[in-house]
Amino acid sequence: MKITRIELFRAALPLKRPFRISLGTVETAGTVFVRLHGEDGLYGMGEANPSLPICGETVGTVTAAAEVYAKVLIGRPAHDIDGATAAMRAALPGNVTARSAFDMALYDLLGKRAGLPLYALLGGTRRALVTDNTIGIDTPQAMAQRAAEMRDAGFEAIKVKLGTTYQEDVARIRAIRDAVGADTFLRIDANQGWDRVTALKVLADLADAGIQYCEQPVRASDTDALAEVSRSSAIPVMADESLFDDVDALRLVRAGACRYFNIKLSKSAGIHTALRINGIAEAAGIACMVGCMIETRLGLTAAAHLVSARPNIRFADLDGADMLRDDPVTGGMTYGAGGAITLPDGPGLGADLRDDALAALDRTEFA
Ligand SMILES: [Mg+2]
């Protein structure tokens, strides 16, 4: 079965409330959906959620890059995901978030053709998944109140965005721990907001605060600093912005730079490379989390299938769609009480966009 044509749909997704991290504040998330058609009438769906400060991409760059990737893919056999991955990277490197949407659509199409849900197509079994819920940067009091609401809603794990100053960040965690009590897992994420000295100081100060792990304390490119913080801190360090692909994974393993990996499809250019990262991690004794951008349940469903298929992916941070005011997705993973995620049993992703939602979007077609 050959790929015959590809459609792009651009959307702007308003958030329920502004979401602040150390890299900036988001009120509306731009996203690009890809619909990739095979010659037998089946199609695969994908979603690209560009993050400008993390991946350097926008809806505009994804659209421009998609024109190149569409030329590469149309006419190729749809099942050859390994070949498609290499050909897209060779034609236009970078643009990982743009590529992730095509990768996702190829897996969706293959799953539909095989009649298998994606987790089964990946050779895994269906596992019960639980996501944490994330609190953006705010005053300690406001963050503590949100944390108490999340605990009351049954969340076992709360992820807390930090990365401003030593005093503010320590005060935030003290207030949140006081509000939720001892039994809730707290995960923290500085999004590169600290320098090496501040990271060491914050993590030493919070060593008794019951922190499960700390994501990306220092700059993405500073492997030495990440390794020093990881070696010196009692709180395990998780690489996020330092980890895009399998080559990064190997570099981080060799440097002893972290204890955990945060894989995101929007950084790894999709599932194909995410599986390679997880393979390196597993061999190195590093457990993984799969995280997300602020995306719909379409992209999140792809991520949830990946988590379900690989036991070494121990943690899920897939709450992005919970931040959106409207949900344009039909089928797909669903949220239950306390962050429980249920995967659909249909073939491929088992997720699609509602016809009325799709009809309202700006569309481009390549054939
Ligand atoms: Mg992170």
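Here is a walk through that contact, followed by a few other spots.

Reply: A quick word on the ground rules. This is a predicted model, so local features need pLDDT of at least 70 and side-chain atom pairs count only at pLDDT 80 or more, while totals for chains, interfaces and linings use all residues. Residues are numbered from 1 along each chain as its sequence is written, and side-chain values use heavy atoms, with hydrogens and water left out.

Now the domains. The assignment gives domain 1 as 3-115 + 353-366 and domain 2 as 120-349; such bounds come from an automatic or database domain assignment. Their C-alpha centres sit 23 Å apart. Domain 1 brings 39 residues to the contact and domain 2 brings 44, where contact means heavy atoms within 4.5 Å. About 3,600 Å² is buried between them, with carbon and sulfur atoms giving 66% of that. (Buried area is the accessible area, taken with a 1.4 Å probe, that two parts lose on being put together, summed over both.)

What about salt bridges? The rule finds 1 across this interface, the rule being a side-chain nitrogen of Lys or Arg within 4 Å of a carboxyl oxygen of Asp or Glu. Lys-16 forms a salt bridge with Asp-322, and their closest N and O atoms are 3.5 Å apart.

On the domain 1 side, the elements giving two or more residues include strand 1 (3-21), strand 2 (24-38) and helix 4 (96-114). Helix 4 gives the most, with 12 residues. (Helices, H or I with at least four residues, and strands, E with at least two, are DSSP runs numbered from the N terminus.) By type, that side has 20 nonpolar, 9 polar and 10 charged residues. Here Ala, Val, Leu, Ile, Met, Phe, Trp, Tyr, Cys and Pro count as nonpolar, Asp, Glu, Lys and Arg as charged, and the others, Gly among them, as polar.

One more detail: Asn-95 sits in the loop between helix 3 and helix 4, and Asn-95 has a positive phi of about 50° although it is not a glycine.
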